[in-house]
Amino acid sequence: MEIQVTEDRAGEVLVLSPVGRLDSANATAFEAVVMNHVRGGERRLVIDFGSLDFISSSGMRVLLIAAKTLRTNKGTLVLCSMKDHIAEVFQISGFSQIIPIKDSRAEALAASA
């Protein structure tokens, strides 16, 4: 199953915005989108969760892979605009200690510079 992901650019930062649900049905497709950009040379990535309603452990795994790959390549991954119920999952799981999370896209762009 596909996932809709909009792409924007703010200077050297690529902003990806997944829409709807990110779960086991489409995590592989999302991983392909993210990792193609990373392998293609992107080093500063923001993922805007403003249009995301749900994320499963499969989706979170994709973010962990991307964060580790970017860190190895001296890059950054910053997440932003999470709905409260998604932010709570990141807090409880400890992911918020691994990947920076900002309230707004503007804050995420500033943190990724």
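**Exercise 1. In this predicted model, find which residue just after H2 takes a positive phi.**

Step 1. Go to the end of helix H2, which covers residues 57-72.
Step 2. Look just past that end: Lys-74 takes a positive phi of about 60°.

**Exercise 2. Work out where the buried residues of H2 lie, and what they pack against.**

Step 1. List them: Gly-59, Met-60, Val-62, Leu-63, Ala-66, Ala-67 and Leu-70 are buried.
Step 2. Look down the axis of H2. These buried residues fall within an arc of 150°, so they line one face of the helix.
Step 3. Recall the general rule: an α-helix has 3.6 residues a turn, so residues three or four places apart point the same way.
Step 4. Turn to the other side of H2. Ser-57 and Thr-72 are exposed there.
Step 5. Name the partners of the buried residues. They pack against strands S3, S4, S5 and S6, and also against helices H1 and H3.

**Exercise 3. Decide whether Asn-26 is buried or exposed, and find what its side chain reaches.**

Step 1. Locate Asn-26 in the loop between S3 and H1.
Step 2. Its relative accessibility is 4%. The cut-off for buried is under 20%, so Asn-26 counts as buried.
Step 3. Follow the side chain of Asn-26 to the backbone oxygen of Arg-21, at 2.8 Å.
Step 4. Set aside neighbours within four places in sequence. Asn-26 is then in contact with Met-1, Glu-2, Ile-3 and Arg-21.

Conventions
Residues are numbered from 1 along each chain as its sequence is written. This is a predicted model: local features need pLDDT of at least 70, side-chain atom pairs count only at pLDDT 80 or more; totals for chains, interfaces and linings use all residues. Side-chain values use heavy atoms; hydrogens and water are left out. Helices (H or I, at least four residues) and strands (E, at least two) are DSSP runs, numbered from the N terminus. The expected span of a helix is 1.5 Å times one less than its number of residues. Buried means under 20% relative accessible area, exposed over 50%, partly exposed in between (1.4 Å probe, protein chains only). The arc is that of the directions from the helix axis to the C-beta atoms. Contact means heavy atoms within 4.5 Å. A polar contact is a pair of N or O atoms within 3.5 Å; within protein, one must be able to donate a hydrogen and the other to accept it, and residues adjacent in sequence count only if both atoms are side-chain atoms.
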